[in-house]
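Hi everyone, thanks for coming. Please have a look at the structure on the screen, and I'll walk you through a few parts.

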Amino acid sequence: MRRTANYLAPLLLLLLLLAAWELAARWELLADLLKIEPFLIPAPSEIAVSLWEDRALLAENAWVTLREVVGGFLVALLVGTTFAAVLHLSPTLRRAFYPLVVASQTIPIIVIAPIFVIWFGFGIGPILAVIALICFFPIAVNTLDGLGTVDPEQRKLMRSLGAGRRQTFIRLEAPTALPYMLSGAKIAVAVAVIGAVFGEWSGSASGLGHLMLIDNAQLEVPRLFAAMTVLSVMAVGLFGLLAAIEHRFAWWGEPRSRSLT
Amino acid sequence: MRQTVAGPAQAPRATEPASPEVEVELELAGVRHGFGELKVIDRLDLRVGRGETVAVVGPSGCGKSTLLELAAGLSEPRSGRLSVEGVETAAGRLRRSAYMPQRDLLLPWLTAIDNAALAPRLRGLSRERARREAAPLFERLGLDGFQRARPAELSGGMRQRVAFARTLLTGKPLLLLDEPFAALDAITRADLQTWLIDALRAEPRTVLLVTHDVEEALYLADRVLVLSQRPARSLFAEPSPADRAQPRAEAVTDPAFVTARERALLALAGGEWPR
């Protein structure tokens with residue numbers, strides 16, 4: 001019951017916005033306001049038509065982007081959690097690296113992407129690198145924070161129960177950090193698609209980002225919006241998948257009232 | 001006989017085990033400890049014999065928990081001697097004592113039985129074998145039927161029982177209990193006190209118990225030690241007159257028990273019993 005109610009509100013809002021957009025586009029209100037050609041502002045119905053008619057092209061490019069996103073995300077997950085674990089276990093390394101990692105986030109990804117293309121060449125390499133880089137930060141920082149939330153009393157208890165440093169990490173710290181890590185992963189996967197688009201813009205012959213670039217140049221506006229829609233759905237889908245994983249394997253991080261029911 | 005005067009002159013004698021033949025499990029001699037400039041424990045002497053239950057009572061922040069951490073081998077005292085089964089090193093004390101913290105600190109992702117079986121699991125047993133090792137005790141402690149429950153599904157009293165089972169399953173001879181029932185309501189607390197006495201009768205151990213509740217101390221322990229404000233010194237040390245063969249309600253209203261409680265409370269307030 002409550003699940004349907006949870007979905008109902010955003011769905012209704014979405015329909016309302018789409019209806020408003022449809023009318024604004026049909027009556028050329030926005031085009032008049034912005035003093036541009038009406039065909040530059042497609043109605044949702046036109047986007048839907050494009051989604052259907054160009055489904056093969058969209059699917060083909062979506063598949064390319066999906067593989068990039070998943071690949072880059074997995075690299076970031078592996079590197080980010082390892083990095084967090086190492087920094088957690090060594091306070092010296094933590095002091096040395098942590099400020100630099102934060103500072104690295106101020107480098108705009110849009111600048112980094114073309115450089116990666118120069119370094120790694122044209123192809124999937126630089127795209128994976130851009131996505132991994134953009135995903136790394138939320139995963140690493142959240143995991144590190146999660147490892148840091150372990151109650152010192154709990155650590156003492158583990159020692160008294162006979163746990164060594166390694167066992168304390170495996171049995172106490174890692175499970176404590178798991179929900180935090182998955183929170184970071186959810187943020188990461190949502191921004192990963194942005195990384196994929198930047199990566200493809202910098203150098204790629206396929207993928208949704210590449211398709212958008214072509215559509216933009218050719219003023220194929222409905223297909224541009226269709227590609228954007230597919231990209232959003234992909235991000236939301238991946239986010240939902242991670243939320244489901246969290247619910248199944250890291251439920252202790254959820255608010256207590258929910259885990260009780 | 002010993003319940004007449006609790007003056008400083010007699011206090012040291014009551015820090016000894018009841019009978020001189022008893023083997024000493026835990027021994028503190030002139031233990032001092034502190035953090036930075038702060039002196040927390042000042043020249044504390046205490047000997048706890050095998051199978052004895054000793055309660056330490058003191059005002060909040062007087063260093064009771066520090067005392068337990070020292071005994072547990074989680075830290076080293078600044079000076080003085082501190083040994084468990086004659087072993088003085090922190091690592092040795094850590095291996096011989098089981099510490100039960102104030103909060104239950106059960107791991108929310110493990111079931112009740114897996115929480116209780118944590119120590120066997122840390123010894124390297126498989127989950128199944130650790131569960132099998134924990135099962136009989138789990139039942140003896142009245143936890144049967146809750147094996148698969150998660151900590152979030154248990155009441156405060158049940159969680160504390162599971163935490164105690166976890167402490168016992170370390171298999172160590174000395175139990176160090178830090179205000180085990182402080183977070184519980186009065187009724188649950190009284191229930192658990194009786195329960196603990198039964199549990200210790202079934203699973204005899206040496207116990208050093210810290211509490212701020214004088215009645216709890218006198219009811220649960222063979223001897224009670226009252227500590228001063230920080231830095232903690234011994235103010236009062238006496239055997240408890242409690243008759244634990246009686247139901248709790250009768251044991252704690254017995255005149256000898258009431259007198260002992262008044263005397264301990266007076267000592268705790270910093271007063272001296274009139275001679």
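I'll start with a sheet and then turn to a core.

A quick note: this is a predicted model, where local features need pLDDT of at least 70, side-chain atom pairs count only at pLDDT 80 or more, and totals for chains, interfaces and linings use all residues. Residues are numbered from 1 along each chain as its sequence is written, while chains are lettered from A and ligands numbered from 1 in the order in which they are written.

In chain B, three strands make an open, antiparallel sheet in the order β2-β1-β4. Strands here are DSSP runs of E, at least two residues, and helices are runs of H or I, at least four, numbered from the N terminus; two strands pair if DSSP finds at least two bridges between them.

Five bridges join β1 (residues 24–35) of chain B to β4(B), and E27(B) stands opposite S83(B) in β4(B).

Now the core. Among the 81 residues of the largest nonpolar core, V57(B) is one of those touching the most other members. Such a core is a set of buried Ala, Val, Leu, Ile, Met, Phe, Trp, Tyr and Cys residues joined through C-beta atoms within 7 Å; buried means 20 or more other C-beta atoms within 10 Å of the residue's own, exposed 12 or fewer, partly exposed in between, with C-beta atoms placed from the backbone. Another core, of 53 residues, lies apart from it and includes L66(A) and I131(A).
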